[in-house]
Every structure is written in C-alpha cells, then in structure tokens.
Number of protein chains: 2
Amino acid sequence: MSKQNTPSLVVMKSTLSRLPLYYSYISRLQADGVESVSSALLAGHLNLNPVLVRKDLAQVSSVAGHPRTGFEVKQLLEDMSEYLGYNKMDEAILVGVGSMGRILLTNTKFAKFGLNIVVGFDKDPYLCGLQLDGKHILPMEKMPSLVQRMGIRIGIITVPDDQAQSVCDQMVKAGIQAIWNFAFVPLKVPEDVLVKNENLPSSLAVLAHKLAMRSPLPKELNPIIEN
Amino acid sequence: MSKQNTPSLVVMKSTLSRLPLYYSYISRLQADGVESVSSALLAGHLNLNPVLVRKDLAQVSSVAGHPRTGFEVKQLLEDMSEYLGYNKMDEAILVGVGSMGRILLTNTKFAKFGLNIVVGFDKDPYLCGLQLDGKHILPMEKMPSLVQRMGIRIGIITVPDDQAQSVCDQMVKAGIQAIWNFAFVPLKVPEDVLVKNENLPSSLAVLAHKLAMRSPLPKELNPIIEN
DNA sequence: TTTCAATAGATAAAAAAGTATCGATATGTC
DNA sequence: GACATATCGATACTTTTTTATCTATTGAAA
C-alpha cells in the first residue's frame, strides 16, 4: 500500500513490535548484498504469516512493493528507520544502576534503535561520580534539574521493586513523559504519562504453561514461537 | 466461573501473562493481612478493566467469587500457584554467562515463579568452574549430557546474537523442549520446540512511537500502560 | 513473444482479546 | 427483617489482530 491509499494512520501495536524484527533481519540481508526482499521470505524466516508481513510493510513503506521481486531493501530500511525513529535519537535517563541498569546503560546497541541513555542515577553514594563506558552516574538529587535542562522525556526504571513507585513519582514530577519499567510492580502514573512494563514473570508464565500443556498431548505440529 | 461450567480449556495467552501480575499483587495483600480481594480492586491497581480481571480469575479460581466481597485471597493464591506451576519447580539451564546471563542465573526471584536455573554454561574457559551464588558454570561440552541426565526441558539463551542460533541448535539436539531467547534474532527450531523471545527493541519501538505520536496531538486522557 | 509462477494489494472472514450490560446474590445497614 | 449496594457470573457486543482468498501485475524462462 503506497501512501496515497490512505493508510490507516493508527499503527497496530503488534505491527510496531514486529518492525524491529524485520528491520534487524533486512539489515543483515543488506550486509550480505541482497537488494530486494519479499514478504514471503521475511515471513518464512520469522515464522510469521506472509500476509501479516505484507500488511505490516504496507504501513511503513513509502513505495509499493514490486510483484515478483518484493521490496527494495535499501528503501525499505530507510522507511523503517524513519518510521521507528531510529534516525532521530531519543534521550533517556536511567534510575537504578544495579546489574540490570548497568546492562542497559552500557549497551551500545540501543543507539541503533534510536535510544540514547545519557546518564544513570543511583542513590548509592559509592556509585555516584563513577562512569560506566563514559556514562556518568549521578545522585538522585540531580535528576530533576537534568531532566528539565535537557528536556528529557524518557525514564528507565531499574531499581528494586519496592522503590519503583517512588522513583516513578520523582520522574513524573521532573517532567518525564514515558517510562520503561523493569521492576515487576504496576506503576501509578498521571493519565498523560506513558508506561511500558518489561516483565519476565509474565513471559515465563506463557512459556512454562505451554510446556506444561505439551506433555499430556503432543498437540499441534507447527513450531510455536512467541515474541 | 467454577470448574463445572466447562471453562474453556484453552487459556488466553494474554490472560496467562496477566496472572503473574495478579499473583504478585495479591501476595502483597496477603502479607498485609488482607483476606479477600475483588476484581475491581485488582483492576484499579493494575489499570485494567474489572470485567477482564474477572474473566481471568474465573479461568484459574477453583471456587466462585463471593458477591460483595470478592475472592478469598488464600484460596486464590493457591489456585494461581497451582495453575502457573509455581509449586512444581521447572528446571532450566542457561547458556551464556555474560551480563544478562548472570542476572538470570543469580536472581533468586525466579524460584518463586517456579523456575530453577540449575547451571550456567559458557564457552569462556576462565568462567568455567566458577560458581555464582552457588550456581556452577560449566563448559558447553557438558551441556548435552547434563540435560539428558537431569531431564531438563527449558533452555535459556543469553549469548551474543550471532551465537544464538548455534547454541539453540545444540540445545535442541540435547533434548531441550522450550527455549527462552534473550538474543535479538529469530531462532530456527524444529516444529515441536517452543520458543519465547524476549526482545527489548520491540518494546522500545512501541514506547518510542507512542511518545512520538504524543507531541503533535495531546490525544486521549487515559493513562497508557503497556505490558 | 508468450507463458507462467511469484508476488503485491485488496477485501473478506475468522479468531483473539477486550468491554458493556444485566440479573442474581450475598453482606452489611437501617 | 427489609433494603440498598457491591460484587460476581453470564451473555452479548465491539474492537483488534490475524488469516484466507482473490485479482492484477511483473519479471523471467521457454
């Protein structure tokens, strides 16, 4: 679907979560010198329905795909990059420089996905002042002013569960508009603040339950792949 | 809904992913001495629709909720525990004792959720032989025999992306039936192997896109909370 | 040049997930 | 003891997401 066909301006959340997968795979294709890609190929590789992939691509591609060859890799990557905001970097702060916080803070891969975690905060005085791969760790007190001064909109919470709500409140007060929450507690936020929870127990529940269901009946024969 | 009303034996995946949230919250209630809980209370706390919560609970609760008071906390926790398999521990191995691997390997919280990561594997000879919080780290070569000997069915992949498929293949060959994949690559597996992907870029895409949409139009007024 | 298989795009159907509504029923209040 | 009300359970409905089907078009091979 090219833009003139009035694509639905509202993107499906599910589409959105698949796009990075497409992007990642197509990037690798490009690195291998491949110049065009079909939805069938993508679907096959990602265990998805080809029609679903086609519809997803239609949402983001600025040009129609060519019958018989598919989509041009270069153009498609540009469109997806644009669409996902991988070009214009979003800046974020992170609170809680524990083990998980460190992983996120020092993971260089986020830059590729348009996220720049500019600094980490922690209440531990022994951590404050240190740097991890060039990322400063500052005391919590400095959070509000930095957020405001830099106009930062995204906050990442990687503190222990029992401190998450308090940190969340401080973030909101400082002006943070979107929170990526790695603590396994629901956060209470004002209506205009966005929260995305990352929770492993939920994922695990799905996996474990399916595995448990498996034993009695051999069931279906298609590979079951969950994102 | 009590069991006699022929509850749909197929559980919604979405229900399954919410159950741990209920469980966690209700556990805290119990710790506070609360003895019964209503779907409205749960819903309010978790930003969900009360009807949705009620339907979820109906799937797992062995007894009907009481009008006016809701569900008995003790019984409900037992039912959920049973349902989610938090009682009977699943054993798992983990491959890739890097930063992420270490978090999972040493996180004591998984035990509460019915997962026991018994050992970590790594190809780095300097890591092998060490222990992390009592969890041994062994060389990859020992993986197949251990998996077979202990009848382990779950494998966790926390290696760099470019090694994930290879590790996956080895796991499958060893007899692993379900894989929890923390690498950001799709895994090719036989049709009878279960894969659950954990991918941060997908989550990020949803968050970032919603945030981007936010700026132009102030839009809705309800808090937007994603799991 | 003609034929043909692969592919996109569009539309329709189905499945999954979530929401609204209503009557029934305990529980506490008057 | 009657009544008001919070809550459940069931049904019906809506929305979202996925899948199926059909047509047109294109590029490559015969």
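**Two chains and their interface**

In this predicted model, buried residues (under 20% relative accessible area; exposed is over 50%, partly exposed in between; 1.4 Å probe, protein chains only) make up 50% of the 227 residues in chain A. Local features need pLDDT of at least 70, and side-chain atom pairs count only at pLDDT 80 or more, while totals for chains, interfaces and linings use all residues. Side-chain values use heavy atoms, without hydrogens or water; residues are numbered from 1 along each chain as its sequence is written, and chains are lettered from A in the order in which they are written.

Q: How many helices and strands does chain A have?
A: Helices (H or I, at least four residues) and strands (E, at least two) are DSSP runs, numbered from the N terminus. The C-alpha atoms of chain A fill a box of roughly 60 × 50 × 35 Å along the principal axes. In that chain the count is nine helices and 10 strands.

Q: What share of the contacts in chain A between residues at least 6 apart in sequence join residues at least 24 apart?
A: Contact means heavy atoms within 4.5 Å. Among the chain A contacts between residues at least 6 apart, the share that joins residues at least 24 apart is 55%.

Q: What rotation superposes chain A on chain B?
A: The copies are superposed by least squares on C-alpha atoms of residues with pLDDT of at least 70 in both. The RMSD is 0.1 Å, and the shift along the axis is 0.0 Å. The two copies are thus related as by a two-fold rotation axis. The rotation is 180°.

Q: How much area do chain A and chain B bury between them?
A: Buried area is the accessible area (1.4 Å probe) that two parts lose on being put together, summed over both. Of this area, 66% lies on carbon and sulfur atoms. The total between chain A and chain B is about 6400 Å².

Q: Which residues of chain A lose the most area to chain B?
A: The contact involves 68 residues of chain A and 68 residues of chain B. Three residues of chain A together account for 11% of what that side buries. They are Leu194(A), Leu207(A) and Leu211(A).

Q: Which helix gives the most to the side of chain A that touches chain B?
A: Across the interface there are seven residue pairs in polar contact, both residues at pLDDT 80 or more. A polar contact is a pair of N or O atoms within 3.5 Å; within protein, one must be able to donate a hydrogen and the other to accept it, and residues adjacent in sequence count only if both atoms are side-chain atoms. On the chain A side, one helix gives the most, 13 residues. That is helix 9 (residues 200-214) of chain A.

Q: Which residue of chain B meets Lys109(A) in a salt bridge?
A: A salt bridge is a side-chain nitrogen of Lys or Arg within 4 Å of a carboxyl oxygen of Asp or Glu. Lys109(A) counts as partly exposed, at 28% relative accessibility. The N to O distance is 3.1 Å, and the partner is Asp161(B).

Q: Which residue meets Asp56(A) in a salt bridge?
A: The side chains pair at 2.6 Å, N to O. This links distant parts of the chain, helix 3 (residues 50-60) and helix 1 (residues 13-31) of chain A, with the two residues 38 apart. The partner of Asp56(A) is Arg18(A).
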